[in-house]
Number of protein chains: 2
Amino acid sequence: LTLSNHWFGFTQNKDDITDMKPKIEVCLTPDLVQHFELEGKVVVIVDIFRATSCMTTALANGVEKIIPVATTEECKEWQAQGYLAAAERNGQKVEGFDLGNSPFEYMNPDLKGKTIVVSTSNGTLAIQQSQYADTVVIGSFLNKDAVVRFVLEKNQDTVIFCAGWKGKDNMEDTFYAGALLQDLIPQFQPDNDSCVLAQSIYEAGKNNALEFLRQAAHYQRLLRLGYEKDIAFCLTENKYDVLPILKGEELVLE
Amino acid sequence: LTLSNHWFGFTQNKDDITDMKPKIEVCLTPDLVQHFELEGKVVVIVDIFRATSCMTTALANGVEKIIPVATTEECKEWQAQGYLAAAERNGQKVEGFDLGNSPFEYMNPDLKGKTIVVSTSNGTLAIQQSQYADTVVIGSFLNKDAVVRFVLEKNQDTVIFCAGWKGKDNMEDTFYAGALLQDLIPQFQPDNDSCVLAQSIYEAGKNNALEFLRQAAHYQRLLRLGYEKDIAFCLTENKYDVLPILKGEELVLE
């Protein structure tokens with residue numbers, strides 16, 4: 001039995017020993033999720049700028065629970081019931097809500113022990129679409145190693161689900177998927193072509209992520225909105241050793 | 001006025017002179033085409049393994065017209081009216097049709113001057129979805145420089161439309177999009193994040209395309225079906241100096 005290793009951990013002959021490894025796939029955007037079987041799998045939700053970075057920051061700083069909801073209407077209803085509510089659309093806080101989508105807002109000590117209901121442009125939609133997964137975890141650069149450790153320990157078929165931007169793929173989430181793949185292969189077998197896209201873009205930019213990601217449409221959008229500090233923060237690796245995980249309809253620390 | 005050029009021809013400040021350039025975007029799969037405005041644009045259809053490679057080969061070898069149709073049923077109807085009909089699904093010729101989807105079939109001198117009606121898994125769907133474009137051309141490695149020359153001459157907003165595989169993005173079409181971008185930038189301004197994915201994957205594999213693309217799911221599928229020769233042929237650059245273009249509902253040489 002010989003294994004020929006190619007560029008990114010793929011092997012020439014898919015019928016060999018690699019079939020015994022758990023599989024890993026990348027879904028580039030919610031608009032492609034219908035092509036993935038999520039049932040029974042681990043799903044890592046990725047929305048680097050900025051939903052999953054905010055969720056990680058919030059829980060790491062003492063927020064007790066986050067309830068992700070898809071629409072601002074739902075979010076408003078929770079708020080009317082007395083919950084703290086956060087909503088973001090087009091990169092900006094929606095009027096009338098308590099919080100927006102900047103990680104710095106979630107470091108406020110007053111939020112300790114609180115539950116926050118959150119609706120964002122892309123990230124909360126991806127979470128909702130993952131309802132049949134075995135386990136849903138929140139991935140960001142801020143908690144990258146915690147995500148990697150968890151996925152390696154689970155050692156089961158996994159989908160890295162990029163939230164993208166309004167149904168389109170985006171650079172930053174795909175780039176992060178590539179970062180995870182670097183640490184997850186060779187224990188996992190990459191199982192769709194999007195893995196190679198993710199690995200290639202990570203290779204292209206890994207030595208200078210902040211500068212490389214300037215090419216991203218959403219980087220430019222955030223810059224125009226005055227969120228330059230947020231961008232740099234969201235690209236900070238392993239600031240928090242925490243793993244947000246979905247329990248029922250709530251995100252809590254594992 | 002200063003221009004800061006970054007990795008792939010993107011610039012830091014999108015409000016500068018680059019706004020005067022025509023824009024270029026990459027659509028990774030027909031499942032994402034709803035995010036693109038094709039009207040008034042040049043669309044390059046890409047289905048490297050093997051539809052657009054076959055179309056290029058056929059017209060370069062004397063076939064007069066190709067009529068792309070989306071379904072095998074439609075294709076069957078044309079056949080019943082006396083037309084030569086080609087249909088492929090899952091990489092194989094569909095029973096009862098005259099031709100399949102191997103470029104070598106289209107070199108047959110008996111096909112000279114003929115019209116062929118064609119339906120393939122992905123490529124003909126992408127053509128159908130491009131009906132509102134200003135100009136639809138067929139791109140393959142076999143006619144890469146002819147495509148580049150045409151797009152540079154038109155000098156208008158352009159979408160490189162990858163046919164993918166059953167709605168999923170694929171490596172080989174994205175890789176080819178990256179190859180085109182290399183030649184089209186700096187005359188064009190890359191205008192969506194998928195451009196950087198395409199450029200990254202092309203960078204990663206350009207020095208050894210045949211070996212790199214072994215990681216592609218459809219490469220493996222074709223290999224299992226015995227089409228190794230087709231793969232190498234489809235990756236041959238500039239074998240034909242022809243440009244298939246859609247005129248009404250027919251593909252002909254420009």
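Author: The crossing of helix 4 of chain A and helix 5 of chain A is right-handed. This is a predicted model, in which local features need pLDDT of at least 70 and side-chain atom pairs count only at pLDDT 80 or more, while totals for chains, interfaces and linings use all residues. Residues are numbered from 1 along each chain as its sequence is written, chains are lettered from A and ligands numbered from 1 in the order in which they are written, and side-chain values use heavy atoms, with hydrogens and water left out.

Reader: What makes the crossing of helix 4 of chain A and helix 5 of chain A right-handed?

Author: A crossing is right-handed if the near helix is turned clockwise from the far one by less than a right angle, and left-handed if anticlockwise. The crossing of these two helices falls in the right-handed class.

Reader: Why are helix 4 of chain A and helix 5 of chain A called oblique to each other?

Author: Their axes come within 10 Å and cross at roughly 50°. Axes are lines fitted to C-alpha atoms, for helices over the stretch in contact, and angles run from 0 to 180 degrees between N-to-C directions. Angles under 35 degrees count as roughly parallel, over 145 as roughly antiparallel, 65 to 115 as roughly perpendicular and the rest as oblique. Helix 4 and helix 5 of chain A are therefore oblique.

Reader: Which residues make the contact of helix 4 of chain A and helix 5 of chain A?

Author: Helix 4 of chain A contributes Lys144(A), Asp145(A), Val147(A), Val148(A), Val151(A) and Leu152(A), and helix 5 of chain A contributes Tyr176(A), Ala179(A), Leu180(A), Asp183(A) and Leu184(A); contact means heavy atoms within 4.5 Å. These residues divide into eight nonpolar, no polar and three charged. Ala, Val, Leu, Ile, Met, Phe, Trp, Tyr, Cys and Pro count as nonpolar, Asp, Glu, Lys and Arg as charged, and the others, Gly among them, as polar.

Reader: What is the angle between helix 6 of chain A and helix 6 of chain B, and what is it called?

Author: The two helices, residues 193-205 in each chain, pack at about 85° with their axes 8 Å apart. That angle makes helix 6 of chain A roughly perpendicular to helix 6 of chain B.

Reader: How much area do chain A and chain B bury between them?

Author: They bury about 3,200 Å², 60% of it on carbon and sulfur atoms. Buried area is the accessible area (1.4 Å probe) that two parts lose on being put together, summed over both. The contact takes 35 residues from chain A and 35 residues from chain B.

Reader: What makes Arg214(A) and Glu228(A) a salt bridge?

Author: Their closest N and O atoms are 4.0 Å apart, and the pair is counted as a salt bridge. Arg214(A) lies in the loop between helix 7 and helix 8 of chain A and Glu228(A) in helix 9 of chain A, so the pair ties together parts that are 14 residues apart in sequence.

How values were computed
Helix = DSSP H or I, 4+ residues; strand = E, 2+ residues; numbered from the N terminus. Salt bridge = Lys/Arg side-chain N within 4 Å of Asp/Glu carboxyl O.
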